[in-house]
Amino acid sequence: MNQNLSLPSGCVLRKATSADKWSIRLLVFSAKLDPTQLNWQQFWVIECDAYGGQSLRNLVACGQLRNFSGAQELGSLVVASAWRGRGLATLLMQQLINTATQPLYLECLGERLAQFYSRFDFVPISFEDLPQFPKTIGLSTLKGKFRFSQLAKSLLRVPVVFMEYRGQSNS
């Protein structure tokens, strides 16, 4: 997906720093996303001027690439509600895809989100198609992390969609 989007005036896309840790947590909690494995070193953030150019800046969007053995997960993608509809999620997605260094996967809830991610060349896959690196059971593997979601999907009919990136990245 190659749109010519640019950040709104006064906004910056950058790698997260330790000072962003609590702002990232707040954004993720506000979106009711999985609050586990929030590692600020794996995040990219968008920071914008809070009040028309004054020195006060707010974190308005974030997303991370979680590292697993042989794969990466795109996760914790959040845009603050007041900043939605300005292309920030698209810019963040492009940045995360372009910085991924291994096969890229994600899990999302519902068809609407799956359609959003499909615009970036993510395709739905079955739980069985997830990579199993290494051949051990545990949370250190992507499949191990997604196992709980698969259980919720099959037992509770939670509308979880597993997706794999099939586009061309810059890596």
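Predicted model: local features only at pLDDT ≥ 70, side-chain atom pairs only at ≥ 80, totals over all residues.
# Notebook: a first look around the chain

I began with Glu73, whose relative accessible area of 2% makes this residue buried. Buried here stands for under 20% relative accessible area, exposed for over 50%, and partly exposed for what lies in between, with a 1.4 Å probe and protein chains only.

Residues are numbered from 1 along each chain as its sequence is written, and side-chain values use heavy atoms, with hydrogens and water left out.

I then looked up the pLDDT, the predictor's confidence in each residue on a scale from 0 to 100. The chain has a mean of 88, and 88% of its residues reach 70 or more. Where is confidence lowest and where is it highest? I found the lowest in helix α4 (residues 142-156), at a mean of 89, and the highest in strand β6 (residues 122-125), at 97. Helices (H or I, at least four residues) and strands (E, at least two) are DSSP runs, numbered from the N terminus.

**Entry: salt bridges**

How many salt bridges does the structure hold? I wrote down six. The term covers a side-chain nitrogen of Lys or Arg within 4 Å of a carboxyl oxygen of Asp or Glu. Side chains of opposite charge can pair when their charged atoms come close.

Back to Glu73: its side chain meets that of Arg66 in a salt bridge, 2.9 Å from N to O. Arg66 counts as buried too, at 4% relative accessibility.

Next I looked at Glu107, which forms a salt bridge with Lys145, with 3.2 Å between the closest N and O atoms. This pair links distant parts of the chain: Glu107 sits in strand β5 (residues 104-109) and Lys145 in helix α4, 38 residues apart. Glu107 is partly exposed at 23%, whereas Lys145 is buried at 10%.

Then came Arg166 and Glu164, whose side chains meet in a salt bridge at 2.9 Å, N to O. Is Arg166 buried or exposed? Arg166 counts as exposed at 52% relative accessibility, while Glu164 counts as buried at 17%. I also noted one network, in which salt bridges that share partners join Arg66, Glu73, Glu107 and Lys145.

**Entry: strand β3 and its neighbours**

Strand β3 (residues 57-68) is mostly covered, with nine of its 12 residues buried. I looked for its partners, keeping in mind that two strands pair if DSSP finds at least two bridges between them. Strand β2 (residues 43-49) pairs with β3 in the antiparallel sense over seven bridges, and Ile46 has Ala61 in β3 as its bridge partner. Strand β4 (residues 71-79) also runs antiparallel to β3, joined by seven bridges. Here Cys62 has Val78 in β4 as its bridge partner. β3 and β4 form a hairpin with two residues between them, and Gly70 in the turn has a positive phi of about 80°.

Ser76 is not a glycine, yet its phi is positive, at about 55°. I found Ser76 in strand β4, buried at 7%. Asp121 has a positive phi as well, near 70°. Asp121 lies in the loop between α3 (111-118) and β6, and is partly exposed at 34%.

**Entry: nonpolar inside and outside**

A nonpolar core is a set of buried Ala, Val, Leu, Ile, Met, Phe, Trp, Tyr and Cys residues joined through side-chain atoms within 4.5 Å. In the largest one, with 40 residues, Leu74, Met93, Tyr117 and Phe122 touch the most other members. The elements giving two or more residues to this core are α1 (21-30), β2, β3, β4, α2 (88-99), β5, α3 and β7 (160-165). Which element gives the most to this core? I found α2, with six residues.

Leu151 has its place in helix α4 and is partly exposed at 47%.
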